[in-house]
Amino acid sequence: MSDPQPAWREWLNGLDTPRKAAAESLRAQFSALGVTDPVDLIKSEVLEDLPQLARFVLLRSLWRGAIDGWTDPGSLDQLPAAQRLLAAGADREDLVRLLRAVAYEAVFATLDELDAGGDVNVSGVEAGWVVMETGEDGSPTGRVLSGLHEDLLTMDPSGRDGADLGQ
């Protein structure tokens, strides 16, 4: 049987030993996360030194917790306003969709602000920020996670790119 991914093997064999090991480790980690075709992400991380695994983990975590967490059983029941709306005859699915859409907008706005690195509307203030990858020990690697808001929709675990939020 032939290798189903000869281009991957050829690319991998062209790498030096440390980069090859990094690529193989990344492939195993992306696979454990359920990513079926991580080749472009791995190449970007290995060749461009961009923290693609950290980006993926952060954005997917935000989807699963902050946005899709509203689909969990009992999530609406913790909100008195939602309880009142349900008692008044509101559709449960509509409320869940509304909460997910609002959560998405809040996450997007937060990531956009983090990506900006500071308040450009305030002069004379010398404060800013970055979102940075950390190593296993929690210390910063020096690799910045930028443009996070740009990829939020593509990290929708459902594969719908948030299309159901506008319904």
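Which residue caps the N-terminal end of H2? I looked there before anything else. Asp16 does the capping. One of its side-chain oxygens lies 2.9 Å from the backbone nitrogen of Arg19. I note that this is a predicted model.

**Entry: the length of H2**

I went along the helix next. H2 covers residues 17-32, which makes 16 residues. I checked its span from the first C-alpha to the last and got 23 Å. I then looked at what follows H2 and found Gly34. Its phi is positive, near 90°.

Which residues of H2 are buried? I found Ala23, Leu26 and Phe30. Viewed down the axis of H2, these buried residues fall within an arc of 65°, so they line one face of the helix. I asked what they pack against. The partners are helix H1 (6-13), helix H3 (39-48) and helix H4 (52-67). I turned to the other side of H2. There, Thr17, Pro18 and Ala32 are exposed.

**Entry: aromatic rings**

How many aromatic pairs does the structure hold? I noted four. I looked at Trp8 with Trp11, a pair that is tilted. Their rings are 5.4 Å apart, centre to centre, with 40° between the planes. Both residues sit in helix H1, three residues apart, so about one helical turn separates them. Are they buried or exposed? Trp8 has a relative accessible area of 4%, which makes it buried. Trp11 comes out at 15%, and buried means under 20%, so Trp11 is buried too. I also found a cluster: ring pairs link Trp63, Tyr104 and Phe108.

I moved on to Asp49. It is not a glycine, yet its phi is positive, about 60°. Where is Asp49 found? I located Asp49 in the loop between H3 and H4. Its relative accessibility is 47%, so Asp49 counts as partly exposed.

I then checked Asp161, another residue other than glycine with a positive phi, here near 55°. Asp161 is found in the segment after helix H7 (148-151). With a relative accessible area of 40%, Asp161 is partly exposed.

**Entry: recap**

Terms used
Residues are numbered from 1 along each chain as its sequence is written. This is a predicted model: local features need pLDDT of at least 70, side-chain atom pairs count only at pLDDT 80 or more; totals for chains, interfaces and linings use all residues. Side-chain values use heavy atoms; hydrogens and water are left out. Helices (H or I, at least four residues) and strands (E, at least two) are DSSP runs, numbered from the N terminus. The expected span of a helix is 1.5 Å times one less than its number of residues. Buried means under 20% relative accessible area, exposed over 50%, partly exposed in between (1.4 Å probe, protein chains only). The arc is that of the directions from the helix axis to the C-beta atoms. Contact means heavy atoms within 4.5 Å. A polar contact is a pair of N or O atoms within 3.5 Å; within protein, one must be able to donate a hydrogen and the other to accept it, and residues adjacent in sequence count only if both atoms are side-chain atoms. Rings of Phe, Tyr and Trp (its six-membered ring) pair if their centres lie within 6.5 Å; planes under 30 degrees apart count as stacked, over 60 as edge-to-face and the rest as tilted.
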